[in-house]
Amino acid sequence: MTAHDLLHALLQRLRTPAVRDLAWTLLSPPLLGQTAKPQRHPLQASAWRHTPGLLENWLSGLDSAPDALHAWLLAKPARRLGLYYERLWQFALHAADDVEVVAANLPIRQNGQTLGELDLLLRDAEGEHHLELAVKFYLGPLAGDGNDAGLWLGPGSHDRLDLKLNHLAQHQLPLSSRREARGDLNELRLSDTRSSFWLAGYLFYPWPTGCDSPRGALPAHWRGHWLRQRDWAAFSARQAQAHWQPLPRLSWLAPALIDGEERWSRETFAHWLEGLSSRSQLLVRLEEDQAGDWREVERLFLVSDQWPT
């Protein structure tokens, strides 16, 4: 069973939101399949990676008894999605018998000034590793070459895919090789650390025109659409009876699973649209399954008419 198939099967069964997010974190593909710098799955050398049934059993057990995961997340509550994503990885890596988490979020300092943090320092059957983690959401261009990573922007328009890749290559990945890091790594008994990264997330394509994927994108990446507020009426008219609602930021990872009591009525959603601000909003379209749950079948970013300015 491939990671894609396992994730699909698990998302049909898992019900605990944090466990669903954990499954998505561990099993979703990276945004990019071809990168200038090495990309490495944090569990690459683990039995969980090579024997998916072991990971499936662990996640299913967590879904039945999620207290340990909830306690882990509550110990350091994350207000930012990227930190939540890192905490999920840390929980899993600490639980993997064949991976040693030597350090996480290790600050590297020079003369009292923090130069940056090393997200993960691991030891496994393949050696010692410095890993940088990121989960990103990028919106493709209405005009211009979608192959150009510089035209893929974050929903707040401040982040860009090319800038993220450059920051990884020029600052984050080399940090563990700098002289200022050597003392910390020696104390941790790390001598031959290899640097790599793992970049997950979603790519959103403009509606209705679409665009090319950024150069190097993995064909199986998670995706959605984006459109401006002025285009909502035309977009929603295609499926007049569809159920849409926004997702809070910390619920952006795994596809949404919402019970009937949490699902918004069309009237509630229409009222929400009337008071919509200029901030980009992530929306999901929900369909009811045989059990009476409402599952995400589509997602999109609704942005202001002036976006990306």
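Which residues does S196 touch, not counting residues up to four places away in sequence? In this predicted model, S196 touches P38, Q39, R40, H130, L131, E132 and L173 once those sequence neighbours are set aside. S196 itself is placed in strand β4, and with a relative accessible area of 4% it is buried.

**Helix packing**

| Helix pair | Axis distance | Angle |
|---|---|---|
| α2 (residues 17-27) and α4 (residues 52-64) | within 10 Å | roughly 160 degrees |
| α1 (residues 3-13) and α4 | within 11 Å | roughly 15 degrees |
| α2 and α5 (residues 67-75) | 10 Å | about 85 degrees |

The axes of α2 and α4 cross at roughly 160 degrees, and since angles over 145 degrees count as roughly antiparallel, the two helices are therefore roughly antiparallel to each other. Their crossing is right-handed. On the α2 side the contact is made by V19, L22, A23, L26 and L27, and on the α4 side by L55, W58, L59, L62 and D63; these residues divide into 9 nonpolar, no polar and 1 charged.

Helix α4 also packs with α1, where the axes come within 11 Å and cross at roughly 15 degrees, which makes α1 roughly parallel to α4. The crossing of α1 and α4 is right-handed. Here L6, L10 and R13 of α1 meet P52, E56, L59, S60 and D63 of α4, a set that divides into 4 nonpolar, 1 polar and 3 charged residues. L59 and D63 of α4 take part in this contact, and L59 and D63 are also listed in the contact with α2.

Helix α2 has a further contact, with α5, in which the axes are 10 Å apart and the packing angle is about 85 degrees, so that α2 and α5 are roughly perpendicular to each other. A18, V19 and L22 of α2 meet L69, H70 and L73 of α5, and the residues of this contact divide into 5 nonpolar, 1 polar and no charged. V19 and L22 of α2 meet α5 in this way, and V19 and L22 also belong to the contact of α2 with α4.

**Nonpolar cores**

Which residues have the most contacts inside the largest nonpolar core? They are L22 and W58, in a core that has 58 residues. The largest share of this core, 8 residues, comes from helix α6, which spans residues 81-95. Leaving out residues up to four places away in sequence, W58 touches L22, L26, W48, F91, A92 and A95.

**The loop between β4 and β5**

H221 is placed in the loop between β4 (193-206) and β5 (222-228). Is H221 buried or exposed? Its relative accessible area is 5%, and H221 is therefore buried. When neighbours within four places in sequence are left aside, H221 is in contact with P29, P30, L31, L203, Y205 and S213. H221 and L43, which are 178 residues apart in sequence, are 19 Å apart in space from C-alpha to C-alpha.

P208 is placed in this loop between β4 and β5 as well, and the peptide bond from W207 to P208 is cis, with omega near 5 degrees.

**Other backbone features**

Another cis peptide bond joins W307 and P308, with omega about 15 degrees, and P308 lies in the segment after β9 (294-303).

Positive phi values are found in residues other than glycine, one of them N111, with phi of about 55 degrees. N111 is placed in the loop between β1 (100-110) and β2 (113-124), and at 81% relative accessibility it counts as exposed. For S157, which is likewise not a glycine, phi is positive and near 70 degrees; S157 is placed in the loop between β3 (127-139) and α7 (161-172).

How values were computed: Residues numbered from 1 in each chain as written. Predicted model: local features only at pLDDT ≥ 70, side-chain atom pairs only at ≥ 80, totals over all residues. Heavy atoms only, no water. Axes fitted to C-alpha atoms, helices over the stretch in contact; angles between N-to-C directions. Helix = DSSP H or I, 4+ residues; strand = E, 2+ residues; numbered from the N terminus. Parallel < 35°, antiparallel > 145°, perpendicular 65-115°, else oblique. Left-handed = near helix turned anticlockwise from the far one by under 90°. Contact = heavy atoms within 4.5 Å. Nonpolar A, V, L, I, M, F, W, Y, C, P; charged D, E, K, R; others polar. Core = buried A, V, L, I, M, F, W, Y, C linked by side-chain atoms within 4.5 Å. Buried < 20%, exposed > 50% of the residue type's maximum accessible area, 1.4 Å probe, protein only.
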